[in-house]
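Here are my notes on the helix packing in this model. Please read them with the structure open.

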Amino acid sequence: MKESADLANAYAERNNKNNISSIFWTLAWVGTLIAADKAVLYGWYSSDWVSILAIVFNASLGLGVILAFMRMLRGMDDLQRNIQLNSLAFAVGVGFVGGFTLLLLATTKLISEADISDILVLMSIAYMGMVVYGQVKYR
């Protein structure tokens, strides 16, 4: 019985560590994304080399986000991994359909401008909504 409790504690500790790592990498990536964008927008520097370095650094942190998320997925149990898989599949589908719909709307001039950030926001909302739905469904 004690071994079972120890395994459960080890599993919970590993998941917490992986979740915190994933959150850290995501916040660092988003922070450098905002900093690089605002630096160009407000003219904090004038050299293209600084912009290139900021973009490369941001992309490197983005790779860290991907690896941390993959590590987090590997540490999950089958049910949690299934919820994540369904959520990611739904979000990608929403991105494809939403992206091409936005493209058609812009092509037919029914909207004035197609912005990729709209699709990314839509995908993020779809992903988060499906994670919540999956958690509630399998409670």
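The points below take the helices in turn, then their contacts.

1. Basis. This is a predicted model, in which local features need pLDDT of at least 70, side-chain atom pairs count only at pLDDT 80 or more, and totals for chains, interfaces and linings use all residues. Residues are numbered from 1 along each chain as its sequence is written, and side-chain values use heavy atoms, with hydrogens and water left out.

2. Helix α1. Residues 2-41 form α1 (helices are DSSP runs of H or I, at least four residues, numbered from the N terminus). α1 has 40 residues and spans 58 Å from its first C-alpha to its last, close to the 58 Å expected at 1.5 Å a residue (the expected span is 1.5 Å times one less than the number of residues). G43 follows α1 and has a positive phi, near 65°.

3. Helix α2. Residues 48-74 form α2. The 27 residues of α2 reach 39 Å from first C-alpha to last, close to the 39 Å expected at 1.5 Å a residue.

4. α1 against α2. These helices pack at about 160°, with axes 8 Å apart (axes are lines fitted to C-alpha atoms over the stretch in contact, and angles run from 0 to 180 degrees between N-to-C directions). α1 and α2 are therefore roughly antiparallel (angles over 145 degrees). The contact (heavy atoms within 4.5 Å) includes W25, W29 and L33 of α1 and F57, N58 and L61 of α2. Its residues divide into 13 nonpolar, 10 polar and one charged (Ala, Val, Leu, Ile, Met, Phe, Trp, Tyr, Cys and Pro count as nonpolar, Asp, Glu, Lys and Arg as charged, and the others, Gly among them, as polar).

5. Burial. In α1 the buried residues are N15, N18, S22, T32, A36 and A39 (buried means under 20% relative accessible area, with a 1.4 Å probe and protein chains only). They pack against α2. In α2 the buried residues include S51, N58, L61 and V65. Their cover includes α1 and α3 (78-107).

6. N58. Leaving aside neighbours within four places in sequence, N58 contacts W29, T32 and L33.

7. α2 against α3. The axes of α2 and α3 come within 9 Å and cross at roughly 135°. F69, L73 and R74 of α2 meet R81, Q84 and L88 of α3. That contact divides into three nonpolar, one polar and two charged residues.

How values were computed
Helix = DSSP H or I, 4+ residues; strand = E, 2+ residues; numbered from the N terminus. Parallel < 35°, antiparallel > 145°, perpendicular 65-115°, else oblique. Buried < 20%, exposed > 50% of the residue type's maximum accessible area, 1.4 Å probe, protein only.
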